[in-house]
Amino acid sequence: MSHSAHPIEAISLRKAYPAGKGTKVQALDDLSFEAERGTVFGLLGPNGAGKSTAVKILSTLSHADSGQAFVAGIDVGKDPSAVRRRIGLVSQRPSSDPMATGRENLVLAARIQGLSKSDALARATWLMQRFGVEDAADRRVKTWSGGMSRKLDVAIGLVHRPEVLFLDEPTTGLDPEARAELWAEIGRLAADDEMTVLLTTHYLDEADRLAHRVAIVDHGQVKVSGTPEGLKAALHGDTIHVELANAADVETERASAVLGTVTGVTGIRVEGKVLHARADGGARVIPAVFGALDLAGFTVSSATVSRPSLDDVYLQHAGRTFAAASAKTGAVAR
């Protein structure tokens, strides 16, 4: 009997890695989330947030120190073999043999999964057609482009028709055109095949575009989860970013206090020389922002007003921008 009605469910997962000199890095810290059938669920966070560690545990490649994980209704810790039969995994590293052809890679993967020789060949042919790489099927993979090779990795993960597909940073290093092509394929997997896809990514636009729901992960914890549109809509008003010219840390704190005196400006955060804030009718309050800062002796280098983005959601719940979090990745990045 299945414990969980959800194809993927993580319950209070914790995992620490040795970091030398008797210390440990907490990769997962009470991480919990669940994904619905036939959807793309995005784990969004900077490198080192714990996304890949979560995938390793859910796909049976690692063990949690505590907590539970269920995939396709099966307890990952109690029956990992049954989980493996029901999942596909596309890791950050290429899974294909560069010295073999695309067709040979797919046929071998299908045979390993138990398909007969004829069924393996038929499945390989179908997948190459679906991913648009049939013209290169009999060329060695080392001659393929990065985008084509990544499509092959995803095809290998699908060769046995899994119920759940794990995609760990699938588009890292791809050019914009190759990323867009892979996005289209990932979207079709959920929509047409009713497959549940867990996508880890550090690309805000990727999560916004592909995921039906996202969980924003920071320091091994889910800070907030929901639909991308719902999370953005929860941030009422506009986002204001003001960059000051040559301001020391103590000065930016004073500038923050000055900004707080402007009517309609809320949620002020300081990051380096940049002040982040929220305001209803951001364009209308910008003149007052400039006036107040100028009167206090501050020079503004730039100021922008925009509708809420996932970066603003991350700032709201993690207390720093996504770019700043990515720039301060810890020593153990998993």
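Start with the lining of the largest cavity, which by class has 2 nonpolar, 5 polar and 3 charged residues. Here Ala, Val, Leu, Ile, Met, Phe, Trp, Tyr, Cys and Pro count as nonpolar, Asp, Glu, Lys and Arg as charged, and the others, Gly among them, as polar. This is a predicted model, in which local features need pLDDT of at least 70 and side-chain atom pairs count only at pLDDT 80 or more, while totals for chains, interfaces and linings use all residues. Residues are numbered from 1 along each chain as its sequence is written, and side-chain values use heavy atoms, with hydrogens and water left out.

To see that lining, select Thr239, His241, Gly267, Arg269, His276, Ala277, Arg278, Asp312, Leu315 and Gln316. Two or more of these residues come from each of β11 (238-244), β12 (265-271), β13 (274-279) and α11. On a 1 Å grid over the protein atoms alone, a cavity is a set of points where a 1.4 Å probe fits but cannot get out; a pocket is an open set with protein on both sides within 12 Å along at least five of seven lines; lining residues have an atom within 4 Å of a point. Grid points are joined across faces, edges and corners, and a volume is the space filled by probe spheres set on the points.

Now show the whole open sheet: 6 strands in the order β6-β7-β8-β3-β9-β10, with mixed pairing. Strands pair if DSSP finds at least two bridges between them. At the edges are β6 and β10 (221-226), each pairing on one side only. From one strand to the next, the twist averages 15°.

Zoom in on β3 (residues 40-44) and β8 (residues 196-201), a parallel pair with 5 bridges. Leu43 has Thr200 in β8 as its bridge partner. Next, pick helix α1 (residues 51-58), which packs on the sheet and touches β3, β6, β7 (164-168) and β8 (contact means heavy atoms within 4.5 Å).

Last stop: the largest pocket, with about 450 Å³ of space. Among its 20 lining residues, Leu89, Gln113, Ile156, Gly157 and His160 are the closest to its centre.

Definitions and conventions
Helices (H or I, at least four residues) and strands (E, at least two) are DSSP runs, numbered from the N terminus. Axes are lines fitted to C-alpha atoms, for helices over the stretch in contact, and angles run from 0 to 180 degrees between N-to-C directions.
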